[in-house]
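Hi everyone, thanks for coming.

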Amino acid sequence: VVDIRKLYAESGMFTYDPGFTSTASCESGITFIDGDAGLLMHRGYKIEDLAEHSDFMEVCYLLLYGELPDKDQKDKFLHDITYHTMVHEQLIQLFRGFRRDAHPMAVMVGVVGALSAFYHDSTDITDPHQRMVASYRLIAKMPTIAAMAYKYTVGQPFVYPRNDLSYAENFLHMTFSVPCEDFKISPTIARAMDRIFILHADHEQNASTSTVRLAGSSGANPFACIAAGIACLWGPAHGGANEAVLQMLDEIGTVDRIPEFLARAKDKNDPFRLMGFGHRVYKNYDPRAKVMQQTCHEVLDELGVKNEPMLKLAMELERIALEDPYFVDKKLFPNVDFYSGIILKALGFPVSMFTVLFALARTVGWVAQWNEMIGDPSQKIGRPRQLYTGAPRRAYVPLHKR
Ligand code: ACO
C-alpha cells in the first residue's frame, strides 16, 4: 500500500493554501493593494485620485500601457476604441436565440465567448499587435453587448453606438434611449457612470482575473478567456454581491430591524452574511466604497431623490455595524458593492444588470492582466497541485465479486 502522506513529504516543498490566501500566482505591475491601509493604486496612482481627476478612457490606457496618455495619445486611443464599438451584424442572430427571460450574465458569457467566431484575426495571441486589437475590441464592444443584453430582455430594439458620445454616455444611450424620443444624458449621471467604471476597472488577482489568467495560460484566445472571467464574476461572493446587498436591504426593510440582521450575521449557525461587508484583502475601509458612497449622494441629489430610504438604511447599517465588536474585531468594512447597487437602481438599471456593468468595467483589467501574462517570457501554463485525500492504492475487484 502506498503511503500518500509519505509521498508528499518526500516530494520536497509543497504548499497547501486553499483559496490562495497567501500565495502569489504571478508577478504584476498593474495594481497594488495594501489591504491593511485600505490603499488601492493602479500603476502607482491612487484610486481616489483617478476617480476624481481622470476618466475611464484614461484609466484604460493607463492599465494597458503603464502610463497616463498625453493629449495626442488620448485622442488616438479614443478614436481607436470608438472605431470598434459596433458588433458584427450577424451577432444579432445569436442574441435572438436566447430566451427573453435569460439572465443577462448568461447572455454575456455566451456572446463574449462567441466573439472568437466573429473576429478570427484577433485570436493569434503570438502577435502583440493582434493582442492589442483584441483588447481594444473587447473594451469597445462590451458596452454595446451589455446594452444589447438589456434591450433584448426588455423587448426593445437594439440601439446602435453613437461615436460622438463619451464611453459612459454612449453606454447610457444604447441602454436607455428608445426610438423617436429625445434622450438627454445629464453630465452628473454620465460622470457617475464613468466613475463606477473607474472603480471597477481592475483589482489585481481576484477570482475572475485569476480565472482569465488561468484560462489564458493555456494559450486560449482572449474572447474565451474573458468569457471565463465573466462566468466567474457572476458568483454572489464576487460580482453578484451588489445585487445581494439590495436584496438584503429589501429584506431588512426598516432601521429598527438592523440589530436582528446583525445578530444573524454573527450567528455561525446561520448562513446569512452581511452582504457588501468584508473583503479577502481589505482589512480596512475599501477605498472604492468611500468614492461610491459620495457618488451615491451625487446621483440621488441629481435625480431629486432626497432621503432615499434605502440609502438611509444602508448608512445606518454601516454605522451600527462599525460600532459592533464582531465587525470591528474581524475587520469587516463596507466593500465596493455596498453602495453601488443603490446607485445603479436609482439610474434605472434592473438588478440583473448589476453584474453585467461590473463585467463591462472589469474587461480592461482582465485584458491588461492577460496581455501582461502573455507578454511575460517566464509565463507557464497554470497548473495548481492538490492534496490528495482519496483512497490509497487498491486492487481492482471484478464486478461479480463486489
Ligand atoms: N458578514 C458576517 N461575517 C463575515 C462576513 C460578512 N459579510 N464576511 C466575513 N465574515 C466573517 C466570517 O464568518 C469569518 O468568521 P470566523 O473567523 O469566525 O469564521 C471571518 O469573518 C473571515 O471571513 P472569511 O469568509 O474567512 O473571509 P474571506 O476572505 O474568505 O471572504 C468575502 C471574503 C467572501 C468577501 C466575505 O467577506 C463575504 O462573504 N462577504 C459578503 C459578500 C460580499 O460582499 N462580497 C463582495 C466582495 S468584493 C468583490 O468581489 C468586488
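So, among contacts in the protein chain between residues at least 6 apart in sequence, what percentage join residues at least 24 apart? It's 76%, where a contact means two C-beta atoms, placed from the backbone, within 7 Å.

Quick housekeeping. This is a predicted model, so local features need pLDDT of at least 70 and side-chain atom pairs count only at pLDDT 80 or more, while totals for chains, interfaces and linings use all residues. Residues are numbered from 1 along each chain as its sequence is written.

Okay, the overall picture. The protein chain has 18 helices and three strands; those are DSSP runs, H or I of at least four residues for helices and E of at least two for strands, numbered from the N terminus. Along its principal axes, the C-alpha trace spans about 75 × 60 × 50 Å. Of the 402 residues, 40% count as buried, meaning 20 or more other C-beta atoms lie within 10 Å of a residue's own, again placed from the backbone.

Now look at helix 15, residues 309-321, and helix 17, residues 337-347: they pack at about 175°, axes 10 Å apart. Axes here are lines fitted to C-alpha atoms over the stretch in contact, and angles run from 0 to 180 degrees between N-to-C directions. That angle makes helix 15 roughly antiparallel to helix 17, a label for angles over 145 degrees. Helix 15 brings Met-310, Leu-311 and Ala-314 to the contact, and helix 17 brings Phe-338, Tyr-339 and Ile-342.

Technical notes:
A residue is buried if 20 or more other C-beta atoms lie within 10 Å of its own, exposed if 12 or fewer, and partly exposed in between; C-beta atoms are placed from the backbone. Angles under 35 degrees count as roughly parallel, over 145 as roughly antiparallel, 65 to 115 as roughly perpendicular and the rest as oblique.
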